[in-house]
Amino acid sequence: MEIAVLIKPVPEAETRLRARTDGTQLDAEGVKFVLAGYDESAIEQALLLREATPGSKVRALAFGPAPRTEEVLRAALALGVDEVTWVESPAEGADDPGVVARALAFALARVPHELLLGGKQAGDDEEGLVTAAIAESLGIADFGSVVNLRVDSASGSLTFQRATEEGVESWTAPLPCAIALQQAWNDPRTAKLPNILKSRKMPIAKIPWAEVSAALGEAARPRSVAERFELPPARTGAKMIEYKSPEEAAETIVRLLREEAKVFP
Amino acid sequence: MPDFSLTPEQESLRDLARKFARTEMAPHAAECDKAGRFPEEIYRRGWELGLMNLNVPTEYGGSGLSVMDQCLIVEELAQGCGGMTTSIIANCLALEPIILGGTAEQRAQWLTPFCAEYHLASFCLTEPGGGSDAGALKTRARKEGDHYVLDGEKCFITNAPHASLYTVFATIDPQLGHKGITAFIVPRDTPGVAPGKDEDKMGHRASSTSTVHFEGVRVPVANRLGAEGEGFLMAMRTLDQTRTPIGALATGIGQAALDHAAKYALGRRSFGKPIAEHQAIQIKLANMVQSIRAARLLTWQAAVTIDRGERGSLESAIAKCYASDAAMHVADDAIQIFGGYGYMKEYPVEKLLRDAKLTQIYEGANEIQRIVISKELLRAYA
Ligand SMILES: Cc1cc2nc3c(=O)[nH]c(=O)nc-3n(C[C@H](O)[C@H](O)[C@H](O)COP(=O)(O)OP(=O)(O)OC[C@H]3O[C@@H](n4cnc5c(N)ncnc54)[C@H](O)[C@@H]3O)c2cc1C
């Protein structure tokens, strides 16, 4: 099976973020970008499928600027992905999900992809649009919030479940198709030190933005532009309560929840 | 250097060690410390991830990392647990004499199994009669045909009860002083080799330390490292390689103490405000961070010096000595910032003081480091 996994560099969870001085987007200066948990799960799933289906190959694609995109692709190689493709983004307007999807769909013409895997959503903006948009432009079926993905070795089709509000759906789908996975139902592996060292020397296929934009023409232009980017307001201080017994502490908390926080009637 | 930024490769190595320290070491640190448990499953996992045998050249299946890269990894591991780190890096110490002094056949024979499978090795230099004066060691090696027969006792040997291989320093003739010392590779299953019981230690309680007895232990001549009498220099050159990562280990303990102390100072209140707003606490924190950063930079400087191919005895002595003293002061200050809670075993900082203490003693006590440092210093003025 030819598996293509979509990954995205996102700020490390512990990074202290700030807005750019023009207030339109995140200031990437000094921010450390990593592979998000959703994407780690997707890579893990791809590697498990490869192990279950001999002869399979796993390839990863990422859209974004240097050097962060190269770094997450190297992280994917260190985890065991066979080949990676870096689709370079423009300096500005790279956040429009339509542009991301069209650029990646363009790149997928060169990357075999019977199964296209993505995380449920990106670890940063959590939009969850790109996998579906690519599937749409490639004209293949797509499924979201997927768990328990397996290949049926007899028929070669995929079986999986979708957990919905109402219950659990069981599906069988033939290839090709696109699947956005629910996070971390698998336990993503950790890259081993020798593989980290090897990944530094492996090639990365790069598709320059000039080439992408020339091929897409008008479709390379963003149809949406973010106007303002603000961080959530700083949390104000916690309220410390004085108490002599656990009962007293509980009573005080209930009273405060009712009278001050007004979470109880 | 002196461009203090790390390469992307170094950052990924450090990230791996940090992840392992946080997710697999730290959660068990308190329990292993309390029980004095040797968490072999964690060491195995560290081995699987390639975090052991960092100094073994790639041709034998190791990572062949520079001392600088080793230091980046060791500092992170030490933030997870100092004792576990001591046990994880003990293989580097035990295998270094083979890397430095082994023939091509010896290296292939003895290094490769450690990278192909999980095994522990121990470096056996210290004896009950003395560690600092290694030239006066008493374990005897008598040549009998194509064998040497070893008799004697080593003590304070890291990982000894669990090791499958020992690198042993013994003398062919005590009259020769350090010129008689010779190094041997001794498999654990050789008749007459007997590790003692695990010592009950102040700190590094997740590590295991014991004596090793050698009684009529027959070792083939093929297991001798280098020529007779070359063992002392081999031991000193080994310690020149491994002393700097001890500086990194101490720096990691200090960093952990600072992290705990700063977080606590922001949350703990006295006289109506967080204690972090009292100037006395701020000054303590400022001093702590200065010591840790200086320790880190001295460690990096020693590492880069050695990686350039120089011996780096002076630089590594300064780094190890300074960083271990810094770790002690910083851990002490962290306890002070925690107040009474800092003295309680329920909180993590008293362990850091107990762990920091060892870094002033092993791999050459700090008194010995200061002798080395002042000797070099005075030579420059004489
Ligand atoms: C937990 C632990 C793990 C260890 N692991 C290993 C291991 O794996 N392999 C191994 O071989 N050893 C190991 N050691 C031994 C360690 O390296 C020695 O303890 C250390 O070298 C000091 O030797 P000593 O204990 O015999 O002290 P001594 O040499 O007896 O020294 C006692 C004190 O006198 C000071 N002193 C000695 N000579 C002088 C001098 N000339 N001038 C001024 N002061 C001096 C010392 O600095 C020290 O403060 C370990 C020790 C511990 C505690």
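Tutor: The account below begins with the interface and then turns to one residue and to the partner chain.

This is a predicted model, in which local features need pLDDT of at least 70 and side-chain atom pairs count only at pLDDT 80 or more, while totals for chains, interfaces and linings use all residues. Residues are numbered from 1 along each chain as its sequence is written, chains are lettered from A and ligands numbered from 1 in the order in which they are written, and side-chain values use heavy atoms, with hydrogens and water left out.

At the interface, 13 residues of chain A are in contact with 19 residues of chain B, contact meaning heavy atoms within 4.5 Å. The area buried between the two chains is about 1300 Å², and carbon and sulfur atoms give 58% of that area; buried area is the accessible area (1.4 Å probe) that two parts lose on being put together, summed over both. Glu9(B), Lys19(B) and Leu49(B) supply 29% of what chain B buries against chain A, more than any other three residues.

Chain B and chain A are also joined by 2 salt bridges, each defined as a side-chain nitrogen of Lys or Arg within 4 Å of a carboxyl oxygen of Asp or Glu. Lys32(A) forms a salt bridge with Asp15(B), and the closest N and O atoms are 2.4 Å apart. On the chain B side, helix 1 (8-35) and helix 2 (40-48) each supply at least two residues that touch chain A; helices are DSSP runs (H or I, at least four residues) and strands likewise (E, at least two), numbered from the N terminus. Helix 1 of chain B gives the largest share of that side, 9 residues.

Elsewhere in chain B, Thr299(B) is found in helix 7 (residues 279-307). Thr299(B) is buried, with a relative accessible area of 1%, where buried means under 20%, exposed over 50% and partly exposed in between (1.4 Å probe, protein chains only). Not counting residues up to four places away in sequence, Thr299(B) touches Cys71(B), Thr244(B), Gly247(B), Ala248(B), Thr251(B), Ala319(B) and Ala323(B).

The C-alpha atoms of chain A fill a box of roughly 65 × 50 × 40 Å, taken along the principal axes.
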